[in-house]
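Colleague: Could you walk me through how to read salt bridges in a model like this one?
Modeller: Happy to, let's look together.

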Amino acid sequence: MPKAKGKTRRQKFGYNVNRKRLNRNARRKAAPRIECSHIRHAWDHAKSVRQNLAEMGLAMDPNKAVPLRKRKVHAMEVDVERTKELVRKPYVLNDLEVEASLPEKKGNTLSRDLIDYVRYMVESHGEDYKAMARDEKNYYQDTPKQIRNKINVYKRFYPAEWQDFIDSLHKNKMEVE
């Protein structure tokens, strides 16, 4: 598509722009964002990746950090102790260890609709999956096996809640009889 007449301007050099600051900011923006907040706050942009990780007590190359012992030992070979690198930022390592020791948060849950569906079916029909498949609330026309699988998924996700639910059903049955 042609440009509108008179809209192209000649590029002029900006003398009042600090090129050093501009390039530094461009370099920082081009660098990948570090997702881990502990490492990101301790990162020094003036240093290399290897130097930054060594200061934090982390390894750049796991193969060099934990070398495998050679099986054959020659008479002339002498074990040389690796020089311990100075950890200047141990708080990063401590924070990462604390974060790793926290219990894992359960991320996946079942939808409220599925929970209500399973509870209704079990309340109404007990273990009769064929009757569940014929029930009018079976909107998605699940087969008996599909319904059984949904109930098993519910049991696996919420075992304590399932046990309480079954116990309450047995109590209600006892009261009715």
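Modeller: First, a term: helices (H or I, at least four residues) are DSSP runs, numbered from the N terminus. This is a predicted model, where local features need pLDDT of at least 70, side-chain atom pairs count only at pLDDT 80 or more, and totals for chains, interfaces and linings use all residues. Residues are numbered from 1 along each chain as its sequence is written, and side-chain values use heavy atoms, with hydrogens and water left out.

Colleague: What counts as a salt bridge, and how many does the structure hold?
Modeller: A side-chain nitrogen of Lys or Arg must lie within 4 Å of a carboxyl oxygen of Asp or Glu. The structure holds six. One of them joins Arg-112 to Asp-116, with the closest N and O atoms 3.3 Å apart. Both residues sit in helix α6 (residues 112–125), four residues apart, so about one helical turn separates them.

Colleague: Which parts does the pair Glu-55 and Lys-89 tie together?
Modeller: Their side chains meet in a salt bridge (3.5 Å, N to O). Glu-55 belongs to helix α3 (residues 49–56) and Lys-89 to the loop between α4 (62–65) and α5 (90–101), so the bridge links parts 34 residues apart in sequence.

Colleague: Are Asp-142 and Lys-150 buried or partly exposed?
Modeller: Buried means under 20% relative accessible area, exposed over 50%, and partly exposed in between (1.4 Å probe, protein chains only). Asp-142 is buried at 8%, while Lys-150 is partly exposed at 23%. Their side chains form a salt bridge (2.7 Å, N to O). Elsewhere, salt bridges with shared partners join Lys-47, Glu-55, Arg-88 and Lys-89 into one network.

Note on methods
Helices (H or I, at least four residues) and strands (E, at least two) are DSSP runs, numbered from the N terminus.
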